[in-house]
Amino acid sequence: MPADKFPAGYIVELEAGVWLAPWRSDPGRTLVLNSAKLFHSVPAARRALTKARTYRPFPDAEIHGVSYAVES
């Protein structure tokens, strides 16, 4: 089965082009996709989104599965 069938992790898109970031803020956000916080499960990403929504509603937020290539 192709490796892209199994996400390496999950990221949260709070708004179009705005990603949940690993630093503290209300909540931490970034416009740089590579700086988005990587979660190891959908439940972990959902918990982070729920916490982010205590600051702002983010009605269009989505959780995306991501994969990455490892260079040898």
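I looked up Thr 30 and found that it counts as buried because its relative accessibility is 8% (buried means under 20% relative accessible area with a 1.4 Å probe, protein chains only). Thr 30 sits in strand β3, residues 29–30 (strands are DSSP runs of E, at least two residues; helices are runs of H or I, at least four; both are numbered from the N terminus). A polar atom of the Thr 30 side chain lies 3.0 Å from the backbone nitrogen of Val 32. Beyond four places in sequence, I listed the contacts of Thr 30 (heavy atoms within 4.5 Å), among them Trp 19, Trp 23 and Ser 35.

I noted that this is a predicted model, with pLDDT of at least 70 needed for local features and 80 or more for side-chain atom pairs, while totals for chains, interfaces and linings use all residues. Residues are numbered from 1 along each chain as its sequence is written, and side-chain values use heavy atoms, without hydrogens and water.

The largest nonpolar core has twelve residues, including Tyr 10, Leu 14 and Phe 58. Helix α1 gives the largest share of this core, five residues.

Last, I asked which residues lie nearest the centre of the largest pocket. They are Leu 20, Ala 21, Trp 23, Pro 27 and Lys 51, out of 16 lining residues (a pocket is an open set of points on a 1 Å grid over the protein atoms alone, where a 1.4 Å probe fits, with protein on both sides within 12 Å along at least five of seven lines; lining residues have an atom within 4 Å of a point). Helix α1, residues 42–52, supplies five residues of the lining, its largest share.

Conventions
Core = buried A, V, L, I, M, F, W, Y, C linked by side-chain atoms within 4.5 Å. Buried < 20%, exposed > 50% of the residue type's maximum accessible area, 1.4 Å probe, protein only. Polar contact = N/O pair within 3.5 Å; in protein donor to acceptor, adjacent residues only side chain to side chain.
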